[in-house]
Each structure stands twice: as C-alpha cells, then as structure tokens.
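My entries follow in the order in which I made them.

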Amino acid sequence: MTDTDADGSRDHENDSSAREDLEWTDPDTFASALERADTREKGHSFEDFAEGDVIEHEPGLRLTRWGNELWTSQTLNHDPAYWRADVARDRGFDEPPIHPDYLLAATLGCTVEDLSEKGGYFLGRTNVRFPADVVAPGTDLRVESEVLTTKGSNSRPDYGIVTWATRGYDARTGNTCCTYERTNMIPRRERLETDGGGVDTDGDGRSPDANHSVSALPETFVTPEGTAFEDFEAALETAEDRDTVVAYRHERGRTMDDVTVATLPLSTLNTAKQHHNANAMADAPSGGIVAYGDVTRSTALGHARSDERTHREVGFEDERFHAFVTPGDTVYCFTRVLETSRETTTANERAGTVRFQHVAFNQSDEPVYSGIRTAEILTRDD
C-alpha cells in the first residue's frame, strides 16, 4: 500500500519504488497497462484531406532489380525483356528495365501511409500513364499526391470518398515515371475501424453492371489465332458486323500465398494492415487479411500477357476491384479485345496498339478486378 503524508499527499518516493518493482509482463498487469495507454495512430482520416492539398510522400523507394524480379516472378510476368540483357537490348533497352506493374505498385505503395492506411474501400483507379519510356533499376522514386475531390458517402455515413492524383518521379532527374488517379473510401475520425478491403461499390454495394442481362451476350466468341498484333487485328475483322465478340480466358491461375499477400505489398512500402495483420482483420467482412489490389491486377495481367507479344504498356482506364481476394484464392483472367490500331505512341514500326478489357476472377468464377488496358503489341515480322 502507498504511504500517505498527514496532508493526504502520496509518498512519491515509495510510488517510484513500487513502479521499479512492477512486473510489467505479468499478464493481468500488462493487460491493464494496455487499457490505460493511448495508441499513437498511423494514417489520416477523411477530415484530414482538403481539395487542392499536395502531399509529399516519404521516404520514397529505390526501384531495384531484386524488387523488380521478385514482383514479376511471383505474378507470372515472365517477359524476358525484364530479366535478360540480350532480349532487353533487342527491344532497344540498355538493360532490363523496371516492369510497369512493379513501378505502379511501388508508386501507390509509397502513398499508403499518408492516404489510405486507416483502411477503406478501394473504389477504382483511372488515367494510369507511364510517361517515361524506360525506368531503370536503381531509380530513386519520389512520389506526391494532390487531393482532387472530397465528398460524403450516402450509403456509408462513417466514411468519406477522396480522389487523389498521384505522380511518381525520378528523384534525380525530376522526370515523371508514373501517374494515375485513385479513389478510396476513407473512414471519418469518429469511427476508425474498417476492414480495408477492395470492394467496388456504386453507392448501394452492388457492381455497376449487376443488372446487366446475360441474354445480351454475343452468340459467338472468337479467340485470336496467335499472339502477334496481326492476330488481334484479324480476330476483330472476323467478328465485325456479326453477333460475335473477341473474348477468351487464359489457362494459367495463381493461388494467393504468403509471398503475394504480405511480402509483395510490404516490399513496395504498402503498410496497410489488411495485407499483413491477421489480428486486426479477424473481425473484418473479408474474414481475414486480403491481397493488395495491385498484386491481384498484376497477376491477372501476367496471365494475359503470356498470350500476347507485349512490347510496351501505354495506359489503363476504369480499373475497379470488385471483391476480396484472400490467401488461398486463385486468380485467373478473362480478356476481351476492343480495338486495334497501326499507330503507336512511340512511332514504333515493329508494333501496333491494342485496347483490351481484362477481368480477373477467382476459383468461384467471381470477378475480382476489371480494367481497360492499352498496350503496344509486336508484329509477326518483328
């Protein structure tokens, strides 16, 4: 018992002695200490964002060959131009460059602590561009984001909706490497708990295409005969003016494991708890930790690229994440060819431009990601 002076004051010397003898790791004592201790929070709430704010993200990230090969190997993006020096030189590169999927994931990863670490639904991303033709290993990535819009959510009053324009730069040269616009639900300060999953919503929790009728599907599906630009061009010509669509699925699948769910996002500085903290996610609607959306996306695109002669990624539009992907789920890909053009952004005579729609889906045939992709595809006579 603590001694008390005649005037009722505590004997601080004895208090100090008692604290020195305190067994902090005694389970009951430690549980009581945790209840009394404040938590120093990470991340920002909806109220912290104002339109026009520009946020410089620290510390940034060095894009390494190791990180590049880890990402591309685990997402099945096995284009040899990103691995082998001889193939890279044949494509016009001095050395194997940084893969655009790794670049995009690293750019977003650097923003998570400042923008979305508190969780909230990833509603979509668009206007993804890669202004730099080549980003080399060893590039120090500097990232900044501008708050474009903030608004409330009618369907989820404990959240707000924020859209940011994010830009990744080469810290040495100042050249722009990657840009995009991202929209997230962000928890308001009154309620900080959220599952942080990647569910697409249009305000009522349903997919925007939930009411689309199956009867509207074309009667015939056409698959390109090969992987070159001319094969996609010919397939579209075959489907022209008929009840036909150029659409097909890819055989490969990739089951999400510890590396894809936790290692890859953490290697890009993505600190969101939903990818690595099973305890924090135990009571979330997803039932546990979930995969980083860019891992899901890159894995599906890796499947698609294995069936085409990809030369260069141009950009992406209308990317959405429709459902949770959790450890043990398997990611597949479905592709629709939208249009082709002989023109390219780099005036490359060895390639043509193709617009695709890609839909990633799981082992239950449920869509988990979709997006419109524009890429340069090599011709047969390359």
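**Overall fold**

The model is predicted, so I kept to its limits: local features need pLDDT of at least 70, side-chain atom pairs count only at pLDDT 80 or more, and totals for chains, interfaces and linings use all residues. Residues are numbered from 1 along each chain as its sequence is written, and side-chain values use heavy atoms, with hydrogens and water left out.

I looked up burial next. Of the 382 residues, 49% count as buried; buried means under 20% relative accessible area, exposed over 50%, and partly exposed in between (1.4 Å probe, protein chains only). The accessible surface comes to about 18,900 Å², and 45% of it belongs to carbon and sulfur atoms. These areas come from the Shrake-Rupley method with a 1.4 Å probe; for residues, only the protein chains shown count as cover.

For contacts (heavy atoms within 4.5 Å), I took pairs at least 6 apart in sequence, and 75% of these join residues at least 24 apart.

**Cores**

I searched for nonpolar cores, meaning sets of buried Ala, Val, Leu, Ile, Met, Phe, Trp, Tyr and Cys residues joined through side-chain atoms within 4.5 Å. The largest has 43 residues, and L63, W71, L103, F130 and M256 have the most contacts inside it. Helix α5 (residues 100-109) supplies the largest share of this core, six residues. Apart from it I found another core, of 12 residues, including A235, Y248, V337 and V354.

I then listed the neighbours of F130, leaving aside those within four places in sequence. They are P100, L103, L104, C177, C178, R312, E313, V314 and F316.

**S145**

S145 sits in strand β3 (residues 139-152). I noted it as buried because its relative accessibility is 0%. Which side chains does the side chain of S145 meet in polar contacts? I found H57 at 2.8 Å and T166 at 2.7 Å; a polar contact is a pair of N or O atoms within 3.5 Å, where within protein one must be able to donate a hydrogen and the other to accept it, and residues adjacent in sequence count only if both atoms are side-chain atoms. Not counting residues up to four places away in sequence, S145 also touches D53, V54 and W164, among others.

**Cysteines**

I searched the whole structure for disulfides (cysteine sulfur atoms within 2.5 Å) and found zero. C110 counts as buried at 6% relative accessibility, and C333 is buried at 0%.

Notes:
Helices (H or I, at least four residues) and strands (E, at least two) are DSSP runs, numbered from the N terminus.
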